[in-house]
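Hi,

Here is the structure I promised to pass on.

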Amino acid sequence: MEIPVLGDIHGKWHRANAIISHELVNGGVALSVGDLSNYHFEAPRNQRLVFVHGNHEAFGHIEELRKTRDQLYPLFAGEVYTLPDGTRIAGLPGVYSPYFFDREEGPLKYFSQRYVDKMLDLKGIDVLLIHEAPANVGFVKQGKGLG
(Lines give C-alpha, C1' and ligand atoms only; values in the text may rest on other atoms or scores of the structure.)
Protein backbone atom coordinates (compact mmCIF):
# COMPACT_ATOMS: atom_id res chain seq x y z
CA MET A 1 0.00 0.00 0.00
CA GLU A 2 1.37 3.41 -0.96
CA ILE A 3 0.77 6.26 1.47
CA PRO A 4 1.82 9.77 0.45
CA VAL A 5 3.18 11.81 3.37
CA LEU A 6 3.29 15.59 3.27
CA GLY A 7 5.25 17.98 5.44
CA ASP A 8 4.33 21.54 6.28
CA ILE A 9 1.85 22.65 3.62
CA HIS A 10 1.53 26.25 4.93
CA GLY A 11 -1.53 26.92 2.79
CA LYS A 12 -0.07 25.61 -0.48
CA TRP A 13 -3.14 23.46 -1.09
CA HIS A 14 -2.98 23.63 -4.87
CA ARG A 15 0.29 21.67 -4.66
CA ALA A 16 -0.87 19.37 -1.86
CA ASN A 17 -4.14 18.53 -3.64
CA ALA A 18 -2.27 17.87 -6.89
CA ILE A 19 0.15 15.48 -5.16
CA ILE A 20 -2.61 13.65 -3.30
CA SER A 21 -4.84 13.33 -6.38
CA HIS A 22 -1.89 12.07 -8.44
CA GLU A 23 -0.81 9.51 -5.84
CA LEU A 24 -4.26 8.35 -4.75
CA VAL A 25 -5.94 7.83 -8.12
CA ASN A 26 -8.11 5.02 -6.76
CA GLY A 27 -8.71 6.65 -3.38
CA GLY A 28 -7.01 6.10 -0.08
CA VAL A 29 -5.28 7.99 2.68
CA ALA A 30 -2.52 10.59 2.66
CA LEU A 31 -0.72 11.69 5.84
CA SER A 32 0.58 15.06 6.99
CA VAL A 33 2.72 16.25 9.88
CA GLY A 34 0.86 19.55 10.19
CA ASP A 35 1.16 23.25 9.54
CA LEU A 36 -1.69 23.08 7.06
CA SER A 37 -2.54 26.71 7.95
CA ASN A 38 -5.92 26.55 6.24
CA TYR A 39 -8.13 23.73 5.12
CA HIS A 40 -8.81 23.62 1.39
CA PHE A 41 -8.61 19.88 0.81
CA GLU A 42 -10.29 19.46 -2.56
CA ALA A 43 -10.26 15.75 -3.13
CA PRO A 44 -12.74 13.14 -4.29
CA ARG A 45 -14.82 11.64 -1.48
CA ASN A 46 -12.73 8.46 -1.51
CA GLN A 47 -9.58 10.35 -0.44
CA ARG A 48 -8.74 11.33 3.12
CA LEU A 49 -5.95 13.34 4.73
CA VAL A 50 -5.03 12.14 8.22
CA PHE A 51 -2.82 14.65 10.04
CA VAL A 52 -1.40 15.93 13.29
CA HIS A 53 -1.57 19.66 13.72
CA GLY A 54 1.57 21.74 13.93
CA ASN A 55 2.18 25.14 15.44
CA HIS A 56 0.83 27.18 12.49
CA GLU A 57 -2.82 26.26 12.33
CA ALA A 58 -6.30 27.73 12.63
CA PHE A 59 -6.85 26.02 15.99
CA GLY A 60 -10.56 26.82 16.16
CA HIS A 61 -10.95 24.97 12.88
CA ILE A 62 -8.95 22.02 14.24
CA GLU A 63 -11.50 21.71 17.06
CA GLU A 64 -14.33 21.71 14.51
CA LEU A 65 -12.60 19.05 12.41
CA ARG A 66 -12.22 16.95 15.54
CA LYS A 67 -16.03 16.74 15.69
CA THR A 68 -16.62 15.83 12.03
CA ARG A 69 -13.52 13.81 11.05
CA ASP A 70 -14.54 13.40 7.46
CA GLN A 71 -12.00 13.87 4.66
CA LEU A 72 -9.74 15.98 6.87
CA TYR A 73 -9.03 13.79 9.87
CA PRO A 74 -6.98 15.27 12.74
CA LEU A 75 -5.21 12.84 15.06
CA PHE A 76 -4.77 13.81 18.69
CA ALA A 77 -2.40 12.31 21.26
CA GLY A 78 -3.39 8.79 22.26
CA GLU A 79 -5.60 8.18 19.22
CA VAL A 80 -5.07 5.58 16.50
CA TYR A 81 -6.27 5.62 12.90
CA THR A 82 -6.32 2.16 11.32
CA LEU A 83 -6.09 1.70 7.56
CA PRO A 84 -8.11 -1.05 5.82
CA ASP A 85 -4.96 -3.21 5.62
CA GLY A 86 -4.51 -2.99 9.40
CA THR A 87 -1.72 -0.38 9.40
CA ARG A 88 -2.02 1.60 12.64
CA ILE A 89 -1.19 5.32 12.64
CA ALA A 90 -0.78 7.51 15.70
CA GLY A 91 0.47 11.04 16.14
CA LEU A 92 1.75 13.59 18.61
CA PRO A 93 0.50 17.00 17.49
CA GLY A 94 1.97 20.39 18.33
CA VAL A 95 5.44 21.49 19.39
CA TYR A 96 7.44 21.44 22.61
CA SER A 97 7.53 24.42 24.97
CA PRO A 98 9.23 24.24 28.38
CA TYR A 99 6.57 26.64 29.65
CA PHE A 100 3.62 24.37 28.76
CA PHE A 101 5.16 20.88 28.92
CA ASP A 102 4.46 20.21 32.61
CA ARG A 103 1.01 21.83 32.65
CA GLU A 104 -2.17 19.80 32.66
CA GLU A 105 -3.75 21.96 29.94
CA GLY A 106 -2.33 24.45 27.48
CA PRO A 107 -2.92 25.83 24.00
CA LEU A 108 -3.34 23.24 21.23
CA LYS A 109 -0.13 24.60 19.69
CA TYR A 110 1.96 22.76 22.33
CA PHE A 111 2.12 19.19 23.58
CA SER A 112 2.53 18.31 27.23
CA GLN A 113 3.85 15.45 29.34
CA ARG A 114 0.26 14.23 29.60
CA TYR A 115 0.12 13.87 25.80
CA VAL A 116 3.46 12.08 25.71
CA ASP A 117 2.17 9.67 28.38
CA LYS A 118 -0.91 8.95 26.24
CA MET A 119 1.40 8.09 23.37
CA LEU A 120 3.52 5.79 25.53
CA ASP A 121 0.38 3.80 26.40
CA LEU A 122 -0.21 2.90 22.74
CA LYS A 123 0.89 -0.48 21.42
CA GLY A 124 1.31 -1.87 17.91
CA ILE A 125 1.77 1.45 16.11
CA ASP A 126 3.17 1.16 12.57
CA VAL A 127 3.42 4.86 11.68
CA LEU A 128 4.05 7.73 14.10
CA LEU A 129 3.35 11.27 12.91
CA ILE A 130 5.01 14.11 14.83
CA HIS A 131 5.32 17.76 13.97
CA GLU A 132 8.24 18.53 16.27
CA ALA A 133 11.68 17.33 15.18
CA PRO A 134 12.92 14.47 17.39
CA ALA A 135 15.87 15.27 19.67
CA ASN A 136 19.36 13.81 19.29
CA VAL A 137 19.03 12.56 15.72
CA GLY A 138 21.18 15.20 14.04
CA PHE A 139 18.63 17.83 13.01
CA VAL A 140 20.44 21.16 13.29
CA LYS A 141 19.35 24.72 12.59
CA GLN A 142 21.80 27.62 12.85
CA GLY A 143 24.29 25.37 14.63
CA LYS A 144 21.83 24.32 17.35
CA GLY A 145 20.26 20.86 17.70
CA LEU A 146 16.51 20.67 17.16
CA GLY A 147 13.92 18.61 18.97
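How many positive and negative side chains does the protein chain have, and how far apart do the centres of the two sets lie? There are 15 positive and 18 negative ones, with the two centres 3 Å apart. Lys and Arg count as positive and Asp and Glu as negative, while His and the chain ends are not counted. Each charge is placed at NZ of Lys, CZ of Arg, CG of Asp or CD of Glu.

Before you go further: this is a predicted model, where local features need pLDDT of at least 70 and side-chain atom pairs count only at pLDDT 80 or more, though totals for chains, interfaces and linings use all residues. Residues are numbered from 1 along each chain as its sequence is written, and side-chain values use heavy atoms, leaving out hydrogens and water.

Now the overall picture. The protein chain has three helices and nine strands, in the order β-α-β-β-α-β-β-β-α-β-β-β from the N terminus. (Both come from DSSP runs: H or I over at least four residues for helices, E over at least two for strands, numbered from the N terminus.) The radius of gyration is 15 Å, close to the 15 Å that the globule rule gives for 147 residues, so the chain is as compact as a globular protein of that length. That radius is taken over C-alpha atoms, and the rule is 2.2 Å times the number of residues to the power 0.38.

Of the contacts (heavy atoms within 4.5 Å) with a separation of 6 or more, 48% are between residues 24 or more positions apart.

Two residues are worth a click. T87 sits in the loop between β5 (80-82) and β6 (88-92) and is buried, at 17% relative accessible area. Its side chain makes a polar contact with the side chain of D85 at 2.8 Å. (A polar contact is a pair of N or O atoms within 3.5 Å; within protein, one must be able to donate a hydrogen and the other to accept it, and residues adjacent in sequence count only if both atoms are side-chain atoms.) Beyond four places in sequence, T87 touches Y81, T82, D126 and V127.

F111 lies in the loop between β6 and α3 (113-120), and is buried at 9%. Leaving aside neighbours within four places, its contacts include L92, Y96, F101 and E132.

Cheers

Definitions and conventions: Buried < 20%, exposed > 50% of the residue type's maximum accessible area, 1.4 Å probe, protein only.
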